[in-house]
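Dear colleague,

I am handing over the structure below, and after it I set out what was found. Please read the notes alongside the coordinates.

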Amino acid sequence: EVFTAKNPYIIECNGSTMLPDVVVPSLKLIIEFFGDYWHGNPDLFSENQIIAQGKFTRKECNLKDLKRIQEIEKKTGFKVFIVWENNWKKFYKKTIQQIKEVKDERISFLSEK
């Protein structure tokens, strides 16, 4: 079963509620789609470039996201896979292949347990 915004899978983490973009519980996999501007795509912005409505540097956004991802993975035991907006738009087929590879890795990982 796959959970999406229309069929939510809500995660409580450090006092806040998160609604992941896509959750596949059978694979213990969360897929998050990150907007380039809001999350600071490192392929498009320099480390100290100000983004996110002029509030944070790209590096600050990336560190904040990394911390959140690590907390979610630790709390849930799920793997979080990030899809960048630019990659989805420009490299759709390659991105789909990467998601399939992560899915296959998760199947192998979970079947070993």
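In what follows, buried means under 20% relative accessible area, exposed means over 50%, and partly exposed covers what lies in between (1.4 Å probe, protein chains only). This is a predicted model, in which local features need pLDDT of at least 70 and side-chain atom pairs count only at pLDDT 80 or more, while totals for chains, interfaces and linings use all residues. Residues are numbered from 1 along each chain as its sequence is written, and side-chain values use heavy atoms, with hydrogens and water left out.

I begin with the aromatic residues. At 43% relative accessibility, Tyr92 counts as partly exposed; Trp88, at 30%, is partly exposed, and so is Phe33, with a relative accessible area of 33%. A search of the whole structure finds five aromatic pairs (rings of Phe, Tyr and Trp, the last by its six-membered ring, with centres within 6.5 Å; planes under 30 degrees apart count as stacked, over 60 as edge-to-face and the rest as tilted). One of them is the edge-to-face pair of Phe33 and Trp88, at 5.2 Å centre to centre and with 85° between the planes. Because Phe33 lies in strand 4 and Trp88 in helix 3 (residues 85-90), this pair ties together parts that are 55 residues apart in sequence; helices (H or I, at least four residues) and strands (E, at least two) are DSSP runs, numbered from the N terminus. Trp88 also forms an edge-to-face pair with Tyr92, at 4.8 Å centre to centre and 75° between the planes, and Phe33, Trp88 and Tyr92 form one aromatic cluster.

Finally, Asp65 lies in helix 2 and, leaving aside neighbours within four places in sequence, is in contact (heavy atoms within 4.5 Å) with Phe34 and His39.
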